[in-house]
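Colleague: I have a few questions about how the terms we use are tied to values, and I would like to go through them slowly with you.
Modeller: Please ask them one at a time.

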Amino acid sequence: MFWKFDLHTTSHIDQLLDKEDVTLRELMEEDDVLQECKAQNRRLLLFLSQDHCMQELVNLITTEPPADLEERSRFKFPNIACELLTSDVSIINDKLGGDESLLETLYKFLDNEPPLNPLLASFFSKTIGNLIARKTEQVITFLKKKEGFIGLVLKHIDASAMMDLLLRLISCVEPALLRQEVLHWLNEEKLVQRLIELIHTGNDEERQSNASQTLCDIIRLSRDQANQMPDNVECDPLLTVLESQETVTGLLKNMFEGEKSEASIVNGTQVLLTLLETRRSGLEGLMELYSQGYERSYTVNSSILNAIEPHLKDFQQLLLDPPKKSAILMTVGILEQPLGNARLHVARLVAALLQTSAPSICRELCNLATMDLLLDLFFKYTWNNFLHLQVELCVAAILNHPSSEERPGLGLQNHDGDPSASSAEGEVEQKDTSDPENSVHNPLVTHLFQKCQLVQRILNAWEENDQIQAEGGTRRGNMGHLTRIANMVVQNLEKGPVQAQITDLIKELPEDCRGRWESFVDETLRETNRKNTVELVSTHNIHSSSEDDDFPNDMSLQQTFSDYQIQQMTANFADQFGFHDEEFSEHDENINSAFDRITEINFSLDADDNGANAAAFEACCNERIRQFDDAEEEEEDIWEEKEINYATQAKSRTRFGVSQTSEGGSRGSIENGGQEQGYEEEDTKQSTSDTVSSTGPGWTANFRDSGGTGLSQVPTGWESSGRGEAQTQVTGWANFIEFQPFTSTETGPRCSSPVDSG
C-alpha cells in the first residue's frame, strides 16, 4: 500500500537556492517553480522579489524574444514570467505595484508601434489587470498621470488584449467611490466617442470589431452594475453618453457615410442592438425578469429611437441594395447573390425595434413597407434559417404585443434631462394605445395582412412545396418557420390582443382565398401539427409478458411505487453495505467481524406509512391482484376456493404470503354444535406451525372465500375438541369421542385430493 512508503520528494528549488550564484533562469527551468511560488515558498519569494529579478521578469513579458530561437521555446520564459507576476502572491503584488520604475517599464510596452505581438499583449494585459484588482489605488493613480494612456490603448485596439484591459478598468475597480471616479476619468478622456469613431469605413475590420465589442460590453456591464446599486447612486457617465441621441446619431453617420462597408454596418448595428436590449439575453436574464418583475428589466432610452428613426430609410435601402458579395457554392447549389451579414443584421434590428412598440417607429416601418421586403427575402432565401427566425420574431412582435393595460410600460425613457418631454410623449402613446381603434398595432397588423398578404403567401408557399415534394424534390428549408407563423396567426385568431382585428381581416379576404385558408387550417396545418407532436418512441404499450394485459396502462402508479421503494432506503445505505479495509487484516479476531456486520444492515420498510405514495401503492395492488373467489355463485365449481379444515390453533396462508387465521367452524364442528369464534380470539391461541397430514380418503378441501388458497389439509374433527376446550386448555388435543368418520353421506365441498373418496 502506497501510504506505507514515504514517497515524498523534496523540491529541487530549495537545493538551487542553496547555491550562491543561482540565477532566475535556472529557477524558471524547474517544472515546479510555479507550484512552489503559489505554495508560498518563502525562500523562493524572497529571491523573486529582489529588484534585479523583478526587473528581469517585467522585461521578459514586454520585450520581443529573439527571432532565432526555436519557436516552441521562444515564449517559454515570458509565459513563466507572466504566471509568476500574476500568481496573486502579496509580496510580489506589493513589489510590482509599489515600485514606480517597474510600472514605467510595463507602461513602455504601449509605446511600441502596432501591431503588437498578440502573446506579449496578453501578458501585459493580464499583469496590469491583476494589479488593477489587487493594487487598485496605486495603479489608477499612476495611469491617471499618463495623459496619453487611453490614446495608446486605442492605438492598439486591434489586439483583443487591449479591449480586455479597458473592461478591467470599468469592472474590476473597488470600492464604488473609486470606481465612479475612474468612470468619470474615462468619460473625460472621451472613451466612448473615440470608440465610436473607430467604427468607420476607413478603419480595418479588426479594429472596428474590437471597438464594437468593447462598446457592447460597456453597455451590458454598466447596466448590470446599475441594477445592483441602490437607486440613489449616481448614474454611470459612460452609459449616459452611450444612450444619448448625439452619440447614436454619430454612430449612424459613421455607418452610412461614404462607401458602404459591411464591416461598419454590422459592427455599428451590433451596438444599436445592445442599446435596444430590454433584458439580458439567455435563460439567466429570463429567469431574473420573472423573479424581479418588469420594473427590473432594462428600459430603452427614447433618445435612441429618436436617433434611429431618421435612418430607417437607410436600413431599408440596405435590404434592397446590400454591399456586393460574390457567389458562393452551397450543398443545394450555387447562390449567385448571398443574403449577407449586413441584411441579416438589418432584419435583427427591425425585430428589436418592433419589440419596443414605439408609435413613430411602427408608422415609419409601415410607410417604408419594410415587413413586405423582409417577407420577400424570407421566401427567396429558403435555406437561411437565421433570416427565417428574425422574420418570425417580427411577425410575433406585431401579433403578440400585449395591450397598454397589460404592459408595465412601453419601455421608453428620456435621459436628455427633459422630464416634461418624456411625460408628454408617454401621454400621447397611452392615448394612442388605450383605444382599440387607434392602437399602434392596428396599422402594422393591417399592413401585414393586406399589403404584405401574409395569408396568401403562406398558402402559395405551402402549395409550391407540396408540388416540389410530389415531383421528388426536397422539402424547402423555411417550412418549419412557416408552420410556426401559420400557427401564430391561428392562435391569435382564437385569442390575442388583436383577435377582433385579425378576424375582420380574414373575413375581408376573397372568398376563394378564405376557403383555401379554412381548408388549410382544418386539414393540412392540423395534420402537420399532429405529425410534429408524435412521439418517436412510445413505451406505454410494451409488455414483458401476456400476464401484464390484465394490469392498467397508467404508468403513474408504477412510478409512485418505485418512488415508494426508493425512499425507504436510508441515505447511508451505501456506507453501511460494505466492509472497511481493517476488516481484511490478518488478525484472527477480525475473521467474523465482516459477517457480523451483515446483521446490522437495516432493510426495514415502514408498513404504517399512510402517505400519498403508500395509498397509491395499495390502490395499485388492489387493481392488479385478480380475485379468484366464486363463493357467491350457487353452482359449485371444482376450482372454487374453500377453506381447508384446520385445528383451532392452525394458521392458513394465502397464496401471496399474507398470514391469515382460519375462519369459523368446520363442517364437523357445526354438526356437533360447536360455537364459532372470531379471528381475534383464535389468533391468540394459534400454533406457530401448520400441521399437514398425509393424503388419504375422506379428506376435504375448503378454499377461502377471501381469495386465499390454502394448501394444508386436516381431517375433519380435529378442531372440534379444540373449540370445545378453548377456554380451559392451552394445548389443542384432539377429541376422539367427537371425531367424525372419514366418509359422509352429506353433500359437502368436493375433494381436491387425487384419491377418489367414493
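Colleague: Why is cysteine 53 called buried?
Modeller: This is a predicted model, and in it cysteine 53 has a relative accessible area of 0%; because buried means under 20%, cysteine 53 is called buried.

Colleague: What makes cysteine 82 count as buried?
Modeller: Its relative accessibility is 1%, and since the cut-off for buried is under 20%, cysteine 82 counts as buried too.

Colleague: What makes the pair formed by the side chains of lysine 146 and glutamate 104 a polar contact?
Modeller: The distance given for the two side chains is 2.7 Å, and a polar contact requires N or O atoms within 3.5 Å, so the pair meets that limit. Lysine 146 itself sits in the loop between α11 and α12, and beyond four places in sequence it is in contact with Glu104 and Tyr107.

Colleague: How do you know that the span of helix α29 is close to the expected one?
Modeller: Helix α29, residues 454-470, reaches 24 Å from its first C-alpha to its last, and 24 Å is what is expected for its 17 residues at 1.5 Å a residue.

Colleague: Which residues have a pLDDT below 50, and why does that call for care?
Modeller: Residues 414-441 do, and pLDDT also stays under 50 over residues 584-589. Where pLDDT is low, the predicted coordinates should not be read in detail.

Conventions: Residues are numbered from 1 along each chain as its sequence is written. This is a predicted model: local features need pLDDT of at least 70, side-chain atom pairs count only at pLDDT 80 or more; totals for chains, interfaces and linings use all residues. Side-chain values use heavy atoms; hydrogens and water are left out. pLDDT is the predictor's confidence in each residue, from 0 to 100. Contact means heavy atoms within 4.5 Å. Helices (H or I, at least four residues) and strands (E, at least two) are DSSP runs, numbered from the N terminus. A polar contact is a pair of N or O atoms within 3.5 Å; within protein, one must be able to donate a hydrogen and the other to accept it, and residues adjacent in sequence count only if both atoms are side-chain atoms. Buried means under 20% relative accessible area, exposed over 50%, partly exposed in between (1.4 Å probe, protein chains only). The expected span of a helix is 1.5 Å times one less than its number of residues.
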